[in-house]
Amino acid sequence: MTSTVLLAEDDRAIRDSVVRLLTLEGYQVTAVADGIQALAAIHRERPDVIVLDVMMPGIDGLAVCSVLRAENDRTPILMLTARVETSDRVAGLDAGADDYMVKPFEADELMARLRALLRRAMPVPVPADPPSSQAAPAGDDLIEVADLRIDPTARRVWRREAEIALSRTEYDLLELLARNAGIVLDHSTVYDRIWGYDFGPGSKNLAVYIGYLRRKLEIGDAPALIHTVRGVGYTLREP
């Protein structure tokens with residue numbers, strides 16, 4: 001079944017080249033030049049995945065992402081940015097993006113990331129009668145590490161009874177670490193399991209997501225759960 005892509009990129013040369021690439025790979029592409037056109041196109045017909053340039057005239061990519069998430073649109077979003085600073089990348093995650101790439105990028109890496117986003121874009125089951133309380137439920141299906149609780153069925157996370165809102169990628173990363181609590185997962189393993197592609201030792205993608213996830217897990221004076229093992233990778237363990 002053909003996957004649909006909404007591409008919003010104001011640079012015509014980049015837009016045309018990405019459209020050619022995606023079309024050759026079998027995707028059905030709708031390409032627009034700014035954020036206003038992007039929102040209109042998405043509202044007309046929801047694509048399977050969205051690729052947004054950060055810097056666009058009118059409404060930029062971050063604003064488009066924020067609007068969609070406010071509307072509870074969970075379509076996977078890949079941000080494109082010419083900025084290399086970590087703070088700029090974190091801004092994209094704050095807005096609700098699932099992944100980001102820095103320009104210029106390799107075609108193979110773009111395709112790998114889109115495939116990974118589409119693989120993870122499975123519908124989230126919604127309970128028939130959602131609980132009125134935000135407190136973490138009890139049950140055999142929960143993953144528990146110290147005061148962290150994860151409900152894989154509903155893809156919900158709590159720490160010290162406070163529910164934590166995570167993006168799709170953040171949740172996938174946390175669940176992977178929690179299911180392997182106490183085990184050090186190397187960078188290659190995490191990239192393969194979460195993104196379906198090893199972006200190599202020069203990529204900072206994983207480090208940014210780990211940092212952002214750590215900040216979200218900071219509840220009061222709760223001790224850190226995610227630890228860095230220098231030169232190897234990351235582990236989640238009880239303090």
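A: A contact is counted here when heavy atoms lie within 4.5 Å. The model is a predicted one, in which local features need pLDDT of at least 70 and side-chain atom pairs count only at pLDDT 80 or more, while totals for chains, interfaces and linings use all residues. Residues are numbered from 1 along each chain as its sequence is written, and side-chain values use heavy atoms, with hydrogens and water left out.

Helices (H or I, at least four residues) and strands (E, at least two) are DSSP runs, numbered from the N terminus. Two strands pair if DSSP finds at least two bridges between them. In this model, five strands form an open sheet in the order β2-β1-β3-β4-β5, with parallel pairing. The edges are taken by β2 (28–32) and β5 (99–102); each has a single partner strand, so one side of each is left without a neighbour in the sheet. From one strand to the next, the twist averages 20 degrees, where axes are lines fitted to C-alpha atoms, for helices over the stretch in contact, and angles run from 0 to 180 degrees between N-to-C directions.

Strand β1 (residues 4–8) runs parallel to β3 and is joined to β3 by four bridges. A8 stands opposite L52 in β3. Strand β3 (residues 49–53) also contains D53. D53 has a relative accessible area of 3% and is therefore buried; buried means under 20% relative accessible area, exposed over 50%, and partly exposed in between (1.4 Å probe, protein chains only). Leaving aside residues up to four places away in sequence, D53 touches A8, E9, D10, G61, L80 and K103.

Helix α2 (residues 35–44) has G35, A38, L39, A41 and I42 as buried residues. They cover an arc of only 165 degrees around the axis, which puts them on the same side of α2; the arc is that of the directions from the helix axis to the C-beta atoms. These buried residues pack against β1, β2, β3 and α3 (61–70). On the other side of α2, I36 and R44 are exposed.

Rings of Phe, Tyr and Trp (its six-membered ring) pair if their centres lie within 6.5 Å; planes under 30 degrees apart count as stacked, over 60 as edge-to-face and the rest as tilted. By this rule there is one aromatic pair. The ring centres of Y100 and Y209 are 6.4 Å apart and the planes stand at 15 degrees, so the pair is stacked. Because Y100 lies in strand β5 and Y209 in helix α8 (residues 205–216), the pair ties together parts that are 109 residues apart in sequence.
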